[in-house]
Amino acid sequence: MNERQTSDLLERTGLPDDLRFLVEKYPRSDWAAHRNIGGMAQFWLQRHAMFRELGGLLTTGIADYREGGRTAPDFAQWFAPRLNYFLGHLDGHHNIEDQHYFPVFARAERRLARGFEILDRDHHAIHDALERNAATANEFLRALHENEDRRRFAADAYADANQRLVAMLTRHLDDEEDLIIPLILDRGEVALGVA
């Protein structure tokens with residue numbers, strides 16, 4: 001993993017000022033009622049909300065397990081399908097964005113091209129974090145059949161990997177929405193070719 005990309009993503013507090021001209025024109029508070037908030041933009045925001053919710057659910061779930069709220073077998077049964085869904089859908093979502101949507105949006109507004117390069121770098125850093133998350137989750141699931149110390153150590157390692165991934169993802173989703181949704185509101189989905 002490129003630690004610089006990860007550090008940039010974890011330390012970033014938002015998009016650089018020169019990339020915020022459309023979000024300043026179309027603030028979040030106006031998005032839902034805007035006439036150009038079409039089906040694709042709504043779907044995109046719903047997917048992002050789902051990723052936030054699932055990330056939070058996994059964070060809460062591992063905390064609950066670590067505090068004794070679930071037995072190891074019960075937790076494994078609850079945890080594995082949710083984690084697989086989260087990681088698989090997030091990776092697929094990013095692939096579609098990288099291969100289709102980001103190039104379309106970058107061509108539509110050249111002044112935002114650097115923003116899409118930032119988002120693409122984020123995807124690489126997040127992908128590495130996804131792989132680390134999956135590896136620590138697998139270690140954790142294997143450790144559920146071992147002694148208490150091993151289970152606790154593996155749960156702590158997974159919780160750390162999950163916290164890092166969710167922090168990266170949260171920053172990335174906010175920045176991605178601040179770049180893309182205002183562009184859609186400004187131009188319209190049909191004119192952009194994404195309707």
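Predicted model: local features only at pLDDT ≥ 70, side-chain atom pairs only at ≥ 80, totals over all residues.

Which residues in H5 meet which residues in H7? I looked for contact, meaning heavy atoms within 4.5 Å. On the H5 side I found Ala72, Phe79, Leu83, Phe86, Leu87, Leu90, His93, His94, Glu97, Phe102, Phe105 and Ala108. Their partners in H7 are Arg151, Tyr158, Leu165, Leu169, His172, Glu176, Ile180, Leu183, Ile184 and Arg187. By class, I noted 15 nonpolar, three polar and four charged residues in the contact of H5 with H7. Here Ala, Val, Leu, Ile, Met, Phe, Trp, Tyr, Cys and Pro count as nonpolar, Asp, Glu, Lys and Arg as charged, and the others, Gly among them, as polar.

Residues are numbered from 1 along each chain as its sequence is written, and side-chain values use heavy atoms, with hydrogens and water left out.

Overall layout. I found eight helices and zero strands, so defined as DSSP runs numbered from the N terminus (helices H or I, at least four residues; strands E, at least two). Along the sequence the pattern reads α-α-α-α-α-α-α-α. The C-alpha trace spans about 60 × 35 × 25 Å along its principal axes.

Back to H5 and H7. H5 covers residues 72-108 and H7 covers residues 148-187; they pack at an angle of about 30°, with their axes 12 Å apart. That makes H5 roughly parallel to H7. For the record, axes are lines fitted to C-alpha atoms, for helices over the stretch in contact, and angles run from 0 to 180 degrees between N-to-C directions. Under 35 degrees counts as roughly parallel, over 145 as roughly antiparallel, 65 to 115 as roughly perpendicular and the rest as oblique.

Next, H5 and H6. H6 is residues 113-143, and H5 packs with H6 at about 160°, with axes 10 Å apart. H5 and H6 are therefore roughly antiparallel. I noted 19 nonpolar, four polar and four charged residues in their contact.

Then H4 and H5. Their axes come within 10 Å and cross at roughly 150°, so H4 and H5 are roughly antiparallel too. Their contact has 20 nonpolar, five polar and three charged residues.

Last entry: what lines the largest pocket? I wrote down Met40, Phe43, Trp44, Arg47, His89, Gly92, His93, Ile96, Glu97 and Tyr101. A pocket is an open set of points on a 1 Å grid over the protein atoms alone, where a 1.4 Å probe fits, with protein on both sides within 12 Å along at least five of seven lines; lining residues have an atom within 4 Å of a point. H5 gives the most to this lining, with six residues. The lining divides into five nonpolar, three polar and two charged residues.
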